[in-house]
Amino acid sequence: MRKLFVKALRTLLLCLLAAAPLSALAAGSGAPSITPNFKDANIRQIIQAVSAATGKDFILDPRVNAQVTMYSSTPLTPPAFYQAFLSILSVYGYIAVPAGHNIVKIVPNADERQMPSILLPNKVSSTSDELVTQVIPVKNVSAAELVPILRPLVPEWGHLAAYPPSNILIISDRASNVYRIMRIVKRIDRVGNQDVDVMPLQNASATQVVQVINQLYQGQSAAQMGRTFKVVADPRTNSVLISGDPAERLRIRALVAELDTPSAAGGDTRVVYLHYASAKELAPKLKQQMQELAEISTAGNIKGTAQAAAEKNALVWADTQNNALVITAPPKVMRTILGIVAQLDIRRPQVLVQAIIAEVDVNKTDDLGVNWAAYSQTNKLPLGGFVEPVGGTSIVDLIAAAKNPASITTSLLEGTTIGVGTLSAGGVSFAAMLRALRGNNSTNIVATPSAVTMDNQQAVLKSVDEVPFVTGQYTNASTVTSGTVTPFQTVQREEVGTILKVTPTISATGDSVMLKISVESSSVLPTSVSTVDPTTQKRSITTNVLIQNKGIVVLGGLIENSQDRSHNAMPYFGDIPVLGWLFKSRNDSATRSNLMIFIKPTILRDQSEAASQSELNYRYMLQQEGALPPSEFPPLLYGEPRPQLPPLPSPASGAKRSAQPAAGAASAGAPAKSPPKP
């Protein structure tokens with residue numbers, strides 16, 4: 001085998017040496033040159049010739065095998081001969097991979113991605129077939145969008161990918177093809193015609209103008225009509241944006257200018273049915289807005305023009321029966337007013353405010369004492385005694401009641417009162433009284449007022465009694481009418497009970513509520529019910545708080561604990577054990593008062609939340625009604641059932657009404673639409 005290899009090498013070298021003189025003559029400088037001519041030569045023999053000519057060492061993959069035919073009439077230098085060798089490898093599906101130390105590996109194309117190559121060369125040759133890896137930066141277009149376009153130009157064994165964060169292309173292929181791809185990317189990566197014309201409209205609607213232009217070209221493809229422009233409307237500034245070819249932009253600008261002309265009547269009339277806002281309250285504000293817009297227009301460049309006059313003559317009035325607005329204004333002002341109405345006529349959330357007023361009062365009193373007296377009825381001289389009111393009653397009151405039984409009052413009989421004595425017309429009279437009285441008064445009041453109101457709207461809830469208070473009277477006898485004195489008396493009635501006033505404001509985030517709240521709880525004291533001018537007890541708080549939705553916070557509280565002790569005794573005698581009780585009296589009282597006010601807001605954003613809360617309260621009332629105990633006595637009215645709440649009615653089923661009032665607007669010339677039913 002080795003003999004055959006040596007024989008073949010000798011034959012190849014003889015061919016090269018035979019051509020050497022011709023090459024030297026052709027070069028004219030004596031430099032070594034090669035004129036390769038092969039016919040059905042084994043590629044391994046060609047590799048041996050290239051190795052001998054260039055001095056490179058080659059390592060062949062076992063799969064490298066091909067019969068090569070090559071004709072050349074021009075002498076080649078060793079570097080040129082090596083480039084021709086790379087072209088031969090490209091034709092037969094092999095690549096040459098440099099491995100360092102002048103060693104080159106010959107492998108099939110399929111292994112190209114796993115093999116090193118010349119990485120990021122400074123200059124990529126347009127004629128070389130050496131393996132190159134290059135990074136191509138893309139500036140104006142998307143690198144990811146170029147991959148599907150360039151992929152068919154790269155062999156299957158080549159590599160082409162995009163890195164979107166840096167907007168670059170990574171390609172690994174032969175140098176000649178990489179050079180071609182770079183030139184293609186350079187031609188594509190150019191700044192396109194990005195100029196945009198912005199045309200603000202004065203009379204027409206930008207959205208309607210764009211719709212008219214698109215309808216004009218509807219049904220034709222961009223290729224059929226040569227359409228190289230794009231038209232977009234900006235409703236916020238009422239402008240038309242035009243991009244594309246300069247000639248097309250100029251033509252579209254002229255068309256838009258023709259469409260942006262005032263109407264022949266100088267204005268338009270719309271009827272806008274409101275869903276949530278009040279037309280009566282909204283109409284004056286819109287009229288003021290239109291007047292201010294007219295003043296701004298008059299102060300500008302259009303002073304004295306028909307447009308300014310039309311804006312001054314703009315009208316708006318409210319139809320309270322249909323809760324609708326009738327607006328007459330130029331298109332520019334009309335768009336502004338309709339935009340304002342659309343933003344104001346929206347469903348506002350509601351707030352359920354629940355308050356708990358808890359008050360617990362305890363009042364205890366103890367009275368204990370002895371009164372006695374002795375005096376002479378004949379000479380009216382008192383002999384002695386110990387008189388001290390006990391529980392508001394003394395021995396003197398008992399003696400007066402004994403003399404005149406008609407003057408006995410209930411206060412004399414309160415508690416335990418024991419009186420002994422004798423009253424004589426002549427001689428000495430004496431009387432004694434032992435009185436013991438204990439009072440225990442407790443009050444437990446829990447009021448739970450609640451109210452539902454809209455955002456930024458005050459709600460007032462009252463559960464009160466009107467109590468009369470005398471403010472003045474006149475009983476002078478000098479006021480005589482027909483011989484009769486006519487006294488008069490003025491009375492003012494005050495509300496006594498529970499009063500809740502609240503104004504909620506929902507925060508911008510929608511998860512908390514600011515409450516401006518006033519809570520008042522008052523009552524008439526039991527000890528003053530029978531008097532002419534009753535005495536009332538009042539608890540009130542007025543504050544502003546910020547509470548989380550469905551959160552509970554205490555608005556204020558009052559905790560009061562007081563104790564009084566009164567001890568009246570005769571000096572020295574009152575300190576005598578046992579016998580001293582005849583000369584002293586005691587009065588003890590203790591009072592405890594606890595008052596707390598709690599508040600809880602709940603945001604009801606839509607009808608479903610409001611219905612859910614209403615159902616919850618309705619079921620609570622049904623449970624309270626069912627918890628009433630039955631009467632222990634047979635009813636006197638047979639056949640009359642006890643009143644009961646009916647079952648909870650089902651919520652109304654209907655389509656949701658849109659909150660945009662512009663959808664219900666009608667032009668004056670178009671057929672009138674019926675207002676939406678509630």
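**Entry 1: aspartate 197 and arginine 249.** I began with aspartate 197 in this predicted model, and I found that its partner in a salt bridge is arginine 249, with 3.1 Å between the closest N and O atoms. I then looked up where the two residues sit: aspartate 197 belongs to strand β10 (residues 196-200) and arginine 249 to helix α8 (residues 246-259), so this pair ties together parts that are 52 residues apart in sequence. I also checked the accessibility class, and I note that aspartate 197 and arginine 249 are both buried.

**Entry 2: lysine 462 and glutamate 495.** I turned next to lysine 462, which forms a salt bridge with glutamate 495, the closest N and O atoms lying 3.4 Å apart. Here I noted a strand at each end, since lysine 462 lies in strand β21 (residues 459-474) and glutamate 495 in strand β24 (residues 488-506), so the pair ties together parts that are 33 residues apart in sequence.

**Entry 3: aspartate 61 and arginine 63.** I then looked up the salt bridge in which the side chains of aspartate 61 and arginine 63 meet, with an N to O distance of 2.8 Å. Which of the classes does aspartate 61 fall into, buried or exposed? I recorded aspartate 61 as buried because its relative accessibility is 15%, under the 20% limit for that class, whereas arginine 63, at 48%, counts as partly exposed.

Definitions and conventions:
Residues are numbered from 1 along each chain as its sequence is written. This is a predicted model: local features need pLDDT of at least 70, side-chain atom pairs count only at pLDDT 80 or more; totals for chains, interfaces and linings use all residues. Side-chain values use heavy atoms; hydrogens and water are left out. A salt bridge is a side-chain nitrogen of Lys or Arg within 4 Å of a carboxyl oxygen of Asp or Glu. Buried means under 20% relative accessible area, exposed over 50%, partly exposed in between (1.4 Å probe, protein chains only). Helices (H or I, at least four residues) and strands (E, at least two) are DSSP runs, numbered from the N terminus.
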